[in-house]
Amino acid sequence: MMDKIIQKNHEQSFQKQKVTLPLAPVSFFAMTLGLAETGNAWRNAAALWNLPAYFGEVLEGLAILSFLWWLTLYCNKWIQHRKAALLEFNDPVQSSFIALIPESVILMALALHPYSQNSAISLFWIGSIFNLIYGAFRLSKLWTQERQSEQTTPSLFLTFTASILVNALAAGLLGYTNYGFMLLGIGSISWLIMDSVITQQLTVGGLGVKTRNFMGIYMAPAVVLFVAYQVLAGTNASIPVTYALMGYALFIFVSIILALKWLREQAFAPGYWAYTFGIATLSQGLSLFALKANDSVVTGLALVIFCFTNILVLGVTIGSVKLALKGKYIPK
């Protein structure tokens with residue numbers, strides 16, 4: 001009897017000492033996207049203005065570390081908190097953020113590409129196929145799963161548009177041009193369809209305060225298409241078409257800036273990383289265009305947006321560190 005009591009006390013003591021990983025929303029992968037795209041923006045800026053290249057590589061390294069951390073927490077969620085993982089997977093809004101995982105894998109491929117082409121290609125195809133399968137699965141759910149009007153948010157762009165356009169961009173950078181154009185068609189047409197639905201909801205039903213940072217996702221399709229088209233078309237890119245895509249991307253960016261007071265009604269939260277991806281991708285697109293176009297205005301815009309990108313990423317990073325030090329970064 002005494003032996004059983006001692007064994008039970010020992011097991012309870014072991015349970016108390018056992019380290020438990022936090023339960024984090026899948027939307028936290030937005031940090032990986034923001035860091036990776038800022039790293040890509042630095043790579044382009046280094047070529048355009050002869051800036052130190054190592055800044056971009058440091059950011060890419062941080063993106064890889066953040067990806068491994070959030071992936072560990074996500075896998076642990078399915079192992080230790082399966083009910084919470086299933087609720088997130090079936091939620092009409094939160095399930096869209098699962099598309100950030102294959103998108104992150106694709107961006108990890110681009111981060112590693114200068115160092116190991118074989119690793120980059122393997123990661124790309126894993127992320128690319130998962131991206132398409134999950135997108136098709138979520139599209140089928142739109143037909144078969146009932147949803148409330150307030151559940152129609154810019155997060156839908158992640159599954160059907162933004163992640164697939166990033167897929168197309170990466171395909172172009174890795175040399176899979178025809179496949180990339182196919183992905184560009186899927187992402188672009190999905191954007192035209194989904195944008196009318198989401199804009200209708202935004203203008204009629206609005207967006208709740210707790211989901212205002214989703215507007216960082218709203219600008220993603222326009223800026224990613226701006227970059228992806230340039231990468232895939234290469235030297236055959238139409239200058240008028242590129243200007244048109246740049247114009248709309250900047251138009252959405254300015255609109256979001258003008259809505260800043262409304263957006264800031266949502267207190268700072270990890271979701272603010274959603275803004276960094278769009279701004280960094282716009283910076284990347286402008287830098288690419290500045291390298292091709294003999295236009296001082298484009299070069300000037302590229303510099304302004306690049307500076308803005310770094311200020312934003314630094315601000316969000318500082319805010320995130322403050323939340324982490326207070327123990328409030330990951331909800332409990």
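Here is a short chat about a helix pair and a cavity in a predicted model.

Tutor: Quick ground rules: local features need pLDDT of at least 70, side-chain atom pairs count only at pLDDT 80 or more, and totals for chains, interfaces and linings use all residues. Numbering starts from 1 along each chain as its sequence is written, and side-chain values use heavy atoms, with hydrogens and water left out.

Student: Why are α11 and α13 called roughly antiparallel?

Tutor: The axes of α11 (residues 239-258) and α13 (residues 273-292) cross at roughly 150° and come within 11 Å. Angles run from 0 to 180 degrees between N-to-C directions, and over 145 counts as roughly antiparallel. So the pair is roughly antiparallel.

Student: Which residues of α11 and α13 make the contact?

Tutor: With contact meaning heavy atoms within 4.5 Å, α11 brings Ile239, Thr242, Tyr243, Met246, Ala249, Leu250 and Phe253, while α13 brings Ile279, Leu282, Leu286 and Phe289. By class that's 10 nonpolar, 1 polar and no charged residues; Ala, Val, Leu, Ile, Met, Phe, Trp, Tyr, Cys and Pro count as nonpolar, Asp, Glu, Lys and Arg as charged, the others, Gly among them, as polar.

Student: What makes a space a cavity?

Tutor: On a 1 Å grid over the protein atoms alone, a 1.4 Å probe fits there but cannot get out.

Student: What classes of residue line the largest cavity?

Tutor: Its lining (an atom within 4 Å of a point) has 4 nonpolar, 4 polar and 3 charged residues, including Arg138, Lys141 and Arg147.

Technical notes. Helices (H or I, at least four residues) and strands (E, at least two) are DSSP runs, numbered from the N terminus. Angles under 35 degrees count as roughly parallel, over 145 as roughly antiparallel, 65 to 115 as roughly perpendicular and the rest as oblique. On a 1 Å grid over the protein atoms alone, a cavity is a set of points where a 1.4 Å probe fits but cannot get out, and a pocket is an open set with protein on both sides within 12 Å along at least five of seven lines; lining residues have an atom within 4 Å of a point.
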